[in-house]
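Hi,

Here is the structure I promised to pass on. Have a look at it first, and then read my notes below.

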Amino acid sequence: MADVVDLIRYPIKGCAGTSMGDALLTPAGLKHDRSFMVISEDGVYRTQRRHPRLALVRPTVSPDGSRPTLDSADTTSGCGTVRLDVTTSAPRRDVDLSGATFQGIDQGDEVAAWLSEFLGTPSRLVRLPPEHDRIAGGVPPGPSGYADSSAVHLLSRSSRTLLNQRIAEQGTPPLPMNRCRPNIVVDGGSGQGRGSDGGDWAAVPHAEDRARRISIGGAELGYAKLAVRCAVTLVDQEAGVRQKREPLSTLASYRRAASGGVVFGAKFSVVRPGKLSVGDEVVVHEWGDAEL
């Protein structure tokens with residue numbers, strides 16, 4: 001048995017996440033997840049890999065998504081708070097996300113000035129257009145907003161526990177879950193396991209690698225691929241500062257995928273939308289072999 005223990009959405013790609021007790025899972029992931037993106041003046045997305053201070057931008061969004069608020073976790077920045085009314089009628093512009101071209105709706109000069117001052121480089125904020133129709137690859141493929149790839153990143157606590165045990169062997173303090181930036185965090189439940197192999201599956205590190213069809217509450221997810229990890233995991237999400245080695249150094253010693261890259265957690269497409277809540281049981285209906 002496994003239960004949902006946290007739900008996190010990231011309204012602005014690359015910025016801090018918001019932990020929730022309940023969330024609506026839409027065809028493109030948790031509602032309002034990565035529906036905004038910070039870009040350079042020429043339209044290239046900004047990432048914590050080059051701008052780790054993005055981690056200190058704390059966005060919240062109204063239930064209907066029309067009133068985002070940006071606060072700073074850096075109390076010395078002097079940037080204060082900026083609130084904006086979302087526009088979906090402004091002209092579309094090309095934006096570059098990892099070399100792929102999509103469309104974005106610029107959200108105006110006020111928030112652009114706030115982000116530019118906070119990050120120390122000219123920046124603007126764009127929103128997904130309502131007509132956005134990106135389909136991310138995977139098995140099965142599915143809609144996705146400004147996420148790197150598939151709509152949902154799922155990770156178990158037991159996988160993070162094993163990582164921290166291995167990191168401790170190197171004399172490094174444990175890493176918090178926010179370094180991994182998952183959407184759904186699962187942990188072992190208290191009852192008998194369900195699924196084809198039974199048992200308390202979430203207590204086994206990286207069991208999520210093998211889950212192929214999952215139901216949570218009224219929603220269903222289909223496995224897309226393993227989550228390849230990049231240098232964003234090196235950024236201390238509380239300080240907005242990039243560290244040197246961990247967790248990538250340790251992950252590289254035991255989590256290299258056959259297809260290349262360091263992996264941690266799994267990506268899923270949304271097969272059936274629905275409401276999710278912390279405490280929901282996570283039922284695996286189909287298992288496969290890990291792609292390692």
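This is a predicted model: local features need pLDDT of at least 70, side-chain atom pairs count only at pLDDT 80 or more; totals for chains, interfaces and linings use all residues.

You'll find Arg-166 in helix α2, which covers residues 157-168. Leaving out residues up to four places away in sequence, Arg-166 touches Thr-250 and Tyr-254.

Now the overall picture. The protein chain has three helices and 23 strands. Its radius of gyration is 19 Å, which agrees with the value near 19 Å that a compact globule of 292 residues would have. Along the principal axes, the C-alpha trace spans about 55 × 45 × 35 Å. Of the 292 residues, 54% are buried. If you take contacts between residues at least 6 apart in sequence, 68% of them join residues at least 24 apart.

As for the surface, the chain exposes about 12,300 Å², and carbon and sulfur atoms supply 48% of that. There are 35 positive and 34 negative charges, and their mean positions are 3 Å apart.

Next, the inside. In soluble globular proteins, nonpolar side chains tend to be buried together. Here, the largest nonpolar core has 31 residues, and those with the most contacts inside it are Ile-184, Trp-201, Ile-214, Leu-221 and Phe-268. Among the elements that give two or more residues to this core are β1 (2-9), β4 (22-26), β18 (219-228) and β21 (263-272). Another core, of 17 residues, lies apart from the largest one, and Phe-36, Leu-70, Leu-84 and Leu-125 are among its members.

Some loop residues deserve a look too. Tyr-45 sits in the loop between β6 (36-40) and β7 (57-60). Tyr-45 is buried, because its relative accessible area is 11%, and the limit for buried is under 20%. Leaving aside neighbours within four places in sequence, Tyr-45 is in contact with Lys-13, Met-37, Val-38, Ile-39, Asp-96, Leu-97 and Ser-98. Tyr-45 and Thr-88 are 43 residues apart in sequence, and their C-alpha atoms are 19 Å apart in space.

Then there's the backbone. Which residues have a positive phi without being glycine? One is Arg-181, with phi near 50 degrees, in the loop between α2 and β16. Arg-181 is buried, at a relative accessible area of 8%. From Arg-166 to Arg-181 it is 15 residues in sequence and 19 Å in space, C-alpha to C-alpha. Another is His-206, where phi is about 70 degrees. His-206 is in the loop between β16 and β17 and counts as buried at 10% relative accessibility.

Finally, the cis peptide bonds. The bond from Val-139 to Pro-140 is cis, with omega near 0 degrees, and Pro-140 belongs to the loop between β13 (135-136) and β14 (142-143). The bond from Glu-246 to Pro-247 is cis as well, with omega near 15 degrees; Pro-247 is in the loop between β20 (241-242) and α3 (248-251).

Cheers

Terms used:
Residues are numbered from 1 along each chain as its sequence is written. Side-chain values use heavy atoms; hydrogens and water are left out. Helices (H or I, at least four residues) and strands (E, at least two) are DSSP runs, numbered from the N terminus. The radius of gyration is taken over C-alpha atoms; the globule rule is 2.2 Å times the number of residues to the power 0.38. Buried means under 20% relative accessible area, exposed over 50%, partly exposed in between (1.4 Å probe, protein chains only). Contact means heavy atoms within 4.5 Å. Accessible areas come from the Shrake-Rupley method with a 1.4 Å probe; for residues, only the protein chains shown count as cover. Lys and Arg count as positive and Asp and Glu as negative; His and the chain ends are not counted. The place of a charge is taken as NZ of Lys, CZ of Arg, CG of Asp or CD of Glu. A nonpolar core is a set of buried Ala, Val, Leu, Ile, Met, Phe, Trp, Tyr and Cys residues joined through side-chain atoms within 4.5 Å.
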